[in-house]
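Welcome! Take a moment to turn the model around on your screen, and then let us walk through it together.

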Amino acid sequence: MYRSAMVLLLALLAAGVAADDSNTELYKVQDGNKVDQKTLQGWRTWRALACERCHGAAQEGLVGPPLVESMKVLSKEEFHTVIMNGRPDKGMPPFNNSPMVNQNWEGLYAYLKGRSDGQIQPGRLQAIE
Amino acid sequence: MATAAPDLEQAMAKSANWATQAGDYANHRYSELQQINASNVGQLQVAWTMSTGVLRGHEGSPLVIGDTMYIHTPFPNNVYAVNLKDQSFKWKYEPKQNTDVVPVMCCDTVNRGLAFGDGKILLQQADTTLVALDADTGKVLWTAKNGDPKIGETNTNAPHVFKDKVITGISGGEFGVRGRLIAYDLASGKKVWTAWSTGPDKDLLVDPNKTMTWTNGKMAPIGADSSIKTWKGDQWKLGGGTTWGWFSYDPKLNLVYYGTGNPGTWNPAQRPGDNKWSMTIFARDLNTGMAKWAFQMTPHDEWDFDGVNENLLVDVDFKGKKVPALVHFDRNGFGYTLNRETGELLVAEKFDPKVNWATKIDMKTGRPMVDKRYSPATTGPDVNVKDICPAALGSKDQQPASYDRKTGLILVPTNHVCMTYEPFQVEYTAGQPYVGATLTMYPAPSSHGGMGNFIAWNPAEGKIMWSKPERFSVWSGALTTAGDIAFYGTLEGYLKAVSTKDGKELWKFKTPSGIIGNVFTYEYGGKQYVGVYSGIGGWAGIGMAAGLTESTAGLGAVGGYKDLAKYTTLGGSLFVFALPGSPTASQAMR
């Protein structure tokens with residue numbers, strides 16, 4: 001979509017290189033859809049585990065809560081706990097038996113933070129050249 | 001020959017009852033009642049309503065036997081026996097199910113209804129527990145477990161009572177579940193047979209020399225290892241072929257008919273071969289489960305065209321001969337007519353002119369002629385294939401069609417939706433989604449702009465006789481009656497009555513929520529009633545059921561359906577309609 005791409009581009013120009021509030025860089029993004037390897041693996045994990053079934057293709061929420069909002073308040077530790085143990089009472093399954101989640105959960109955290117920050121576009125991503 | 005559940009067969013014989021989900025064994029969804037007919041249906045009004053207490057997708061319909069109506073709900077699958085005299089509850093059954101089952105249910109927590117027989121009401125719970133309740137008291141008589149939600153196995157299908165057996169299936173095609181049909185003894189709940197959709201011959205319940213399939217223009221034995229040689233390695237163990245649709249039964253042939261769902265992952269590159277027997281209609285002996293014949297509609301699926309849709313058992317005049325036929329409207333957009341005794345292919349034509357993934361069915365091989373432009377297996381993983389028609393939810397999904405015995409036509413609720421489809425590599429982890437494709441769905445381009453049609457189909461010729469456009473998919477099961485009318489519900493919430501002759505709309509009523517349930521009818525105290533559940537959800541309505549209005553998610557279903565939010569919201573109620581006043585002698589029929 002042309003219009004939303006423009007909005008994101010403007011946001012990017014304003015923000016410069018996207019970074020976490022902490023001093024370590026959480027993810028790198030170019031043009032809204034090119035990301036570093038770790039974040040890319042995070043997105044692939046999102047896609048492979050079909051997270052969009054509950055959280056929506058643009059993380060805007062479906063049966064599950066909107067992660068673009070949740071990631072604004074969830075700490076990295078809380079995120080880790082939820083994804084590994086689930087919230088069975090609310091319908092979130094535990095993913096602690098998924099090798100892909102165990103390997104890439106930090107990348108997934110980075111990806112979702114990037115989405116929540118408005119720096120990463122919804123949909124397909126590729127590696128930064 | 002299997003012995004009967006006599007009370008069910010007696011109940012089905014009386015048109016005052018609605019004793020099975022389809023009204024009969026043959027999936028006709030037809031009623032001989034004609035107090036409500038084409039000339040007076042315009043006066044139809046609400047007789048009574050009832051809340052189910054659950055705000056999720058309401059599929060299936062109640063049952064009516066004598067003076068009692070049996071109502072079911074989506075998860076947590078409550079059952080209410082309602083006294084038709086004063087609409088008071090005779091009993092309630094409210095199962096305690098582990099909520100862990102909810103995250104592993106695809107496409108909303110629907111349940112397609114109850115079955116009756118041998119003084120029992122049968123409930124197939126989401127958590128794969130099959131329960132037999134005393135129809136008079138609601139007391140649990142027996143339970144059986146036919147799956148494990150921990151590995152993604154759940155149930156949405158209605159159980160079916162055929163003679164002395166209860167037949168049930170399994171859901172979980174998006175979790176690598178290996179499909180099977182299971183038969184239980186109605187009296188005791190003891191498992192009698194399990195027929196797997198994929199795997200070695202002994203699991204399939206086939207005889208390599210006697211089980212037949214359409215081959216080169218005639219029926220031929222399927223041969224040894226018919227399933228495992230069409231998969232790479234032991235992928236058949238994650239083979240899908242789940243069995244969540246409507247089943248039918250021919251007492252004369254003693255054969256059970258049903259379809260199997262999509263194979264394993266949605267990424268075709270990961271499962272080379274025909275992936276038998278996913279996407280297949282099976283005809284099985286009720287007593288033993290042995291397959292007499294099988295017919296695979298979509299070999300090596302690339303689109304999620306589950307073959308689970310109902311099979312209507314009708315007799316057709318085919319080229320001047322009366323043929324015992326089976327008619328099936330597949331997700332893949334083709335309407336098939338087969339000889340139900342032999343399994344021979346008679347007719348296969350598009351029931352939506354927009355279908356483009358295949359140009360036609362080769363009548364000699366029975367295989368679709370795939371158009372490479374719309375073939376994600378041809379372009380491979382990580383390529384987004386555009387404008388495939390129909391979308392994954394098919395030209396028709398589980399919403400069942402109805403056979404009008406008067407005209408010989410079949411009235412079919414359909415989808416008119418296309419999609420983009422991008423497959424990608426996935427790994428299997430037990431209990432985790434095993435999908436492997438990203439898709440979006442939207443109304444069929446260059447058409448009437450809507451996402452559905454209600455059509456009349458000639459099963460002998462494979463021809464659309466008339467087609468009534470709808471704004472959204474028609475996700476409600478149809479009913480036809482001897483009053484020359486057909487009923488169906490819409491996702492906006494309208495219950496509509498149309499003429500079976502030409503599809504002309506004769507009456508409509510807006511219920512509080514979208515309709516994905518099936519229309520049913522019964523007679524009580526000399527008066528005919530027509531009813532339907534109102535409560536949106538299911539695949540088409542999952543965005544709505546989940547509180548979402550704008551998205552491209554829900555396995556791609558929400559994008560095209562987001563406009564629904566302009567028309568309806570969640571609900572959970574039963575609506576029952578009748579003509580005004582008490583029945584007069586002339587109205588009180590026949």
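**A guided walk through the two chains**

Among contacts in chain A between residues at least 6 apart in sequence, 66% join residues at least 24 apart; two residues are in contact if their C-beta atoms, placed from the backbone, lie within 7 Å. Before going on, please note that this is a predicted model, in which local features need pLDDT of at least 70, side-chain atom pairs count only at pLDDT 80 or more, and totals for chains, interfaces and linings use all residues. Residues are numbered from 1 along each chain as its sequence is written, while chains are lettered from A and ligands numbered from 1 in the order in which they are written.

Let us stay with chain A for a while. It holds 6 helices and 3 strands, where helices (H or I, at least four residues) and strands (E, at least two) are DSSP runs numbered from the N terminus. Starting at that end, the elements follow the order α-β-β-α-α-α-α-α-β. Of the 129 residues in chain A, 42% are buried, a word that here asks for 20 or more other C-beta atoms within 10 Å of the residue's own, with exposed meaning 12 or fewer, partly exposed the range in between, and C-beta atoms placed from the backbone.

The strands of chain A form an open sheet of 3 strands in the order β1-β2-β3, with mixed pairing; two strands pair if DSSP finds at least two bridges between them. Because β1 (29-30) and β3 (126-127) of chain A stand at the edges with a single partner strand each, one side of each has no neighbour in the sheet. Over 2 bridges, β1(A) pairs in the antiparallel sense with β2 (residues 34-35) of chain A, and Q30(A) sits opposite K34(A) there.

Now look at where the chains meet. In all, 22 residues of chain A are in contact with 21 residues of chain B. On chain A's side, the elements giving two or more residues are α2 (37-48), α3 (52-55) and α6 (99-116). That side divides into 12 nonpolar, 5 polar and 5 charged residues; Ala, Val, Leu, Ile, Met, Phe, Trp, Tyr, Cys and Pro count as nonpolar, Asp, Glu, Lys and Arg as charged, and the others, Gly among them, as polar.

Inside, the largest nonpolar core has 192 residues, such a core being a set of buried Ala, Val, Leu, Ile, Met, Phe, Trp, Tyr and Cys residues joined through C-beta atoms within 7 Å. The element that gives the most to this core is α6(A), with 7 residues. L114(B), F116(B) and F487(B) have the most contacts inside the core. Leaving aside neighbours within four places in sequence, F116(B) contacts residues including L8(B), I65(B) and V161(B).

Chain B also has an open sheet of 4 strands, ordered β2-β40-β39-β38 with antiparallel pairing. Here β2 (45-51) and β38 (520-524) of chain B are at the edges, each with a single partner strand, so one side of each lacks a neighbour in the sheet. Between β2(B) and β40 (residues 573-578) of chain B there are 6 bridges, and T49(B) stands opposite F575(B) in β40(B).

How far can you trust chain B? Its pLDDT, the predictor's confidence in each residue from 0 to 100, averages 93, and 94% of the residues score at least 70. Residues 545-555 of chain B, however, stay under 50. Where pLDDT is low, the predicted coordinates should not be read in detail.
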